[in-house]
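Trainee: Could you take me on a close look at one part of this model, starting from a loop and moving on to a helix and what surrounds that helix? I'd like the cut-offs along the way.

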Amino acid sequence: MGVGRVRHHHTRFTPPFPLQDTQAYTIASDRMIVTAFRGTEPAQIKDWLSDATTPPWPGPVQTGYVHYGFAQALESVFPAVEKRIAEFRDNDQRVFLTGHSLGGALAMLAGARLHLEEPRLRADGIYTFGQPRTCDRLLAKLPPEPAFHHVDALRYIAADGKMHEQVPLLGSLPDRAKGLTADVLGPATDAVRDHSILRYIAALEKNLT
């Protein structure tokens, strides 16, 4: 697939907003359009999600509720993303959204907004990695089946890199114990290391072979 067009979307924030910026790239060929949203550090996401002062925020077209911070982060770049997808879609290309961590949350919300606000640009697929909880169940099931297939399947990657279709009987306790002692110089930092998109790619490649 030759990518003929690329656009960078970038918005900066000022304190006390908990992000420095929001970034995304939209690329297009004659067959597909892909918008990828950039992630952020897992510690920042964890602190943000645990902030009890963050109120639920009405979702697109008053449908469901979303995390206020995620909604605002997306709003800062969504008009430019939507405009660029519309501009690039000149050959009935398929549209895909993706992202890791924060980027996964933004990709999911962008997909919901396109479905509700601009159906002609509705995404054909949304793929996220390490996505935090973003919204309520009502919004999470958009677009509805059968027009859009929700995988709705758990894939658990254990400490040894093997992928399982369910969490082991003892849960993730053995993996947590391994993670706590994996790095003598940096105890309990396994969550940060494991959250890297490179770890997801390596695990997927290992389980595909």
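Mentor: Happy to! Aspartate 160 has a relative accessible area of 40%, so it counts as partly exposed (buried is under 20%, exposed over 50%, partly exposed in between, with a 1.4 Å probe and protein chains only). This is a predicted model, in which local features need pLDDT of at least 70 and side-chain atom pairs count only at pLDDT 80 or more, while totals for chains, interfaces and linings use all residues. Residues are numbered from 1 along each chain as its sequence is written, and side-chain values use heavy atoms, leaving out hydrogens and water.

The loop that holds aspartate 160 runs between strand E8 (156-157) and strand E9 (163-164); helices (H or I, at least four residues) and strands (E, at least two) are DSSP runs, numbered from the N terminus. Although 43 residues separate aspartate 160 from alanine 203 in sequence, their C-alpha atoms are 9.4 Å apart.

Most residues other than glycine have a negative phi. With 1% relative accessibility, serine 101 is buried. Compare valine 61, in the loop between E4 and strand E5 (65-67): its phi is also positive, about 55°, but at 54% relative accessibility valine 61 is exposed.

H4 itself covers residues 102-117, and its 16 residues reach 22 Å from first C-alpha to last, close to the 22 Å expected at 1.5 Å a residue (that is, 1.5 Å times one less than the number of residues). The helix is mostly covered, with 14 of its 16 residues buried.

Leaving aside residues up to four places away in sequence, its partners include Leu74, Val81, Thr98, Gly103, Leu106, Ala107 and Ala110, where contact means heavy atoms within 4.5 Å.
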